[in-house]
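Reader: I am new to this structure and would like to learn how to read it, one feature at a time. Could you take me through it slowly?

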Amino acid sequence: VFPCVFQVILIFCWVYVRKYQSRRESEVVSTITAIFALAVALITSALLPVDIFLVSYMKNQNGTFKVWADANVSRQIEDTVLYGYYSLYSIILFCVFLWIPFVYFYYEEKEEDDGNTCSQVKTALKYTLGFITICAVLLLIGAFVPLDIPNKKNSTEWEKVKLLFEEFGSSHGLTALSFSISSLTVIGMLAAITYTAYGMSALPLNLIKGTTSASYERLENTEDIEEVEQHLLRIKSKCRDGRPLSSRDRRTLQQLEERLRTLRRRERHLESIEKSWWTKFCEAIRPLKIVWGVFFIIVALLFTVSLFLSNLDKALHSAGFDSGFIILGTNLTNPLNMLLPVLQRVFPLDYILITTIVMYFIFTSMAGIRNMGIWFFWIRLYKIRRGKTRPQALLFLCMILLLIVLHTSYMIYSLAPQYVMYGSQKYMVQWGVTVASYNQLGNIFRSLLDVSVLFPFNLDQCIVTRTYLFLHKFWFFSAAYYFGNWAFIAVFLIGLVVSCCKGKKSVIEGEVDDDDSDMSDDELSVYYH
């Protein structure tokens with residue numbers, strides 16, 4: 001199964017990169033780097049459902065461990081999952097701090113200087129050294145950062161959390177890697193707030209509203225061309241008797257000529273799209289797109305409501321900022337925490353749902369980056385356009401996705417905290433002379449005992465996912481994620497309002513710009529034909 005999954009991921013990454021890559025500026029090394037980085041992002045995101053499945057699979061439905069799942073076997077499985085996380089996260093560190101920056105600066109230098117390859121490599125290494133230095137600093141800080149903080153009086157929640165941290169181990173090397181990854185996760189949180197939150201609102205509404213008709217846009221474009229040509233003739237008529245044009249007329253003439261070139265490029269693009277088989281196919285599946293759009297907006301609203309209730313639960317019932325707003329159990333249930341226990345009765349519906357959520361999070365991130373482009377504060381660096389994206393832009397896109405994937409696990413934990421901690425495990429509780437089986441995700445046991453009361457007893461009977469322990473190794477990062485969730489909700493709601501107010505997108509949205517060359521038309525014709 002796993003080799004087939006890897007093959008599907010690689011094929012998807014190759015198709016995605018080739019779809020947006022500029023045919024005129026494509027480079028072998030940058031293409032391979034983009035495909036590899038995108039594949040690593042998708043494989044890493046798929047590790048969370050595997051982690052949840054393994055801890056759930058070791059127990060029977062009656063709450064007892066399976067015969068083969070003794071202490072040694074369960075520890076080996078936990079360690080294997082943990083090593084899988086560290087291996088993939090180490091590859092992400094390598095890509096973010098070494099490989100992607102080196103390839104990026106190499107091609108930046110290649111565009112500015114067509115000299116020998118050796119000088120380009122030296123310059124790229126010089127700039128990449130700065131990223132390596134940042135990585136080294138993060139590793140050093142992580143190796144010596146104190147995990148323990150002074151406990152407040154009566155802070156029982158934090159004392160319970162410390163029991164989990166002790167189980168996670170005290171290796172300084174792994175702690176250094178965890179700190180570096182957590183630092184990148186904070187950057188990924190900022191990227192998710194910027195791109196994913198907007199993509200979750202823009203993608204469904206764009207599917208529902210659709211695009212304008214190519215023939216209608218072409219008719220409007222023809223009228224604009226005629227209007228600009230008439231304006232040009234009026235200005236040029238002023239100098240027929242040999243009189244020079246004023247500086248204002250010359251500027252207007254230059255602007256109109258540039259406008260006319262852009263409109264003629266739009267005419268050629270619209271003609272290509274109107275005749276393409278892909279446009280006819282999209283028109284045929286228009287009802288299906290509307291259905292998918294409605295489904296995606298329902299999922300997005302489910303995400304937002306679950307995230308809001310989970311954050312509200314932390315605000316009301318956690319031990320506060322000093323514990324990273326960690327809670328052990330749910331006091332305010334949310335739709336996902338209610339849905340997953342129901343689905344787990346029919347294997348493997350709950351794992352399908354959690355995998356779908358992870359993939360939806362990744363694809364909405366891609367949609368957000370594609371719609372917004374790549375920005376550095378208020379400066380737009382690159383645009384993501386079909387068949388016309390520069391190699392540097394693709395490298396930036398893959399780096400952003402790598403960072404967002406790091407934050408995905410915490411987002412899923414925020415949506416369904418109990419499920420991410422324990423999966424579908426059940427445990428045995430002896431109350432007096434009665435022994436009963438209770439579900440970690442259900443609410444049945446709350447009529448008898450509170451989760452916090454059962455927690456110390458619970459540790460011996462249930463296995464916590466490696467994802468949860470990894471996410472909460474540093475309390476201050478958990479606190480940052482908590483505030484990031486509120487920002488994510490706010491940006492999603494703002495993006496939803498903006499997307500609702502905007503009209504239909506142009507059928508060639510972002511495909512034609514004033515700074516495009518006429519050679520870009522050849523790339524479009526190659527893409528559509």
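Predicted model: local features only at pLDDT ≥ 70, side-chain atom pairs only at ≥ 80, totals over all residues.

Reader: Is Ser30 buried or exposed?

Author: The general idea is to look at the relative accessible area, where a value under 20% means buried. Ser30 has 2% relative accessibility, and therefore it counts as buried. When residues up to four places away in sequence are not counted, Ser30 touches Val103, Tyr107, Pro391 and Leu395.

Reader: Which residues are in contact with Ala41, leaving aside its neighbours within four places in sequence?

Author: Ala41 is also found in helix 2, and because its relative accessible area is 1%, Ala41 is buried. Its contacts, with those sequence neighbours left aside, are Leu401, Leu402 and Val405. Ala41 and Leu402 are 361 residues apart along the chain, yet their C-alpha atoms are separated by 5.1 Å.

Reader: How should I read the way helix 2 and helix 3 are arranged, and at roughly what angle do their axes cross?

Author: The general idea is to compare the directions of the two axes, and an angle under 35 degrees counts as roughly parallel. The axes of helix 2 and helix 3, the latter being residues 47–57, come within 4 Å and cross at roughly 25 degrees. Helix 2 and helix 3 are therefore roughly parallel to each other. In their contact, Ile43, Thr44 and Ser45 of helix 2 meet Leu47, Leu48 and Pro49 of helix 3, and the residues of this contact divide into 4 nonpolar, 2 polar and no charged.

Reader: At roughly what angle do the axes of helix 10 and helix 11 cross?

Author: Helix 10 covers residues 277–284 and helix 11 covers residues 286–317, and their axes come within 4 Å and cross at roughly 60 degrees. That angle makes helix 10 oblique to helix 11. On the side of helix 10 the contact is made by Cys282, Glu283 and Ala284, while helix 11 contributes Arg286, Pro287 and Lys289. These contact residues divide into 3 nonpolar, no polar and 3 charged.

Reader: Which residues does Phe303 touch, not counting residues up to four places away in sequence?

Author: Phe303 lies in helix 11, and because its relative accessibility is 4%, Phe303 counts as buried. With those sequence neighbours not counted, Phe303 touches Met200, Ile357, Tyr360 and Leu415. The C-alpha atoms of Phe303 and Leu415 are separated by 6.8 Å, although the two residues are 112 residues apart along the chain.

Reader: What span is expected of helix 8 at 1.5 Å a residue?

Author: The general idea is to set the distance between the end C-alpha atoms beside the span expected from the number of residues. Helix 8, residues 214–236, has 23 residues and reaches 32 Å from its first C-alpha to its last, which is close to the expected 33 Å. For helix 9, the 29 residues should span 42 Å at 1.5 Å a residue, and the end C-alpha atoms are 43 Å apart, so the two values agree.

Reader: What covers the buried residues of helix 8?

Author: The buried residues of helix 8 are Ala214, Glu217, Asn221, Ile225, Val228, Leu232 and Ile235, and what covers them includes helix 9, residues 247–275. Helix 9 has buried residues of its own, among them Leu253, Leu256, Leu260 and Leu263. Glu229, whose place is in helix 8, is partly exposed because its relative accessible area is 30%. Leaving aside its neighbours within four places in sequence, Glu229 is in contact with Leu260 and Arg264, and the C-alpha atoms of Glu229 and Leu260 are separated by 7.5 Å.

Reader: How many bridges join strand 1 to strand 2?

Author: In a regular strand the side chains alternate between the two faces of the sheet. Here strand 1, residues 374–376, and strand 2, residues 379–382, run antiparallel and are joined by 3 bridges, and the bridge partner of Ile374 in strand 2 is Tyr382. The two strands form a hairpin with 2 residues between them, and Phe377 in the turn has a positive phi of about 55 degrees.

Reader: How many helices and strands are there in the protein?

Author: There are 19 helices and 4 strands, and buried residues make up 50% of the 529 residues. Among contacts with a separation of 6 or more, 80% are accounted for by residues 24 or more positions apart.

Conventions. Residues numbered from 1 in each chain as written. Heavy atoms only, no water. Axes fitted to C-alpha atoms, helices over the stretch in contact; angles between N-to-C directions. Parallel < 35°, antiparallel > 145°, perpendicular 65-115°, else oblique. Contact = heavy atoms within 4.5 Å. Nonpolar A, V, L, I, M, F, W, Y, C, P; charged D, E, K, R; others polar. Expected span 1.5 Å × (residues − 1). Buried < 20%, exposed > 50% of the residue type's maximum accessible area, 1.4 Å probe, protein only. Pairing = 2+ DSSP bridges.
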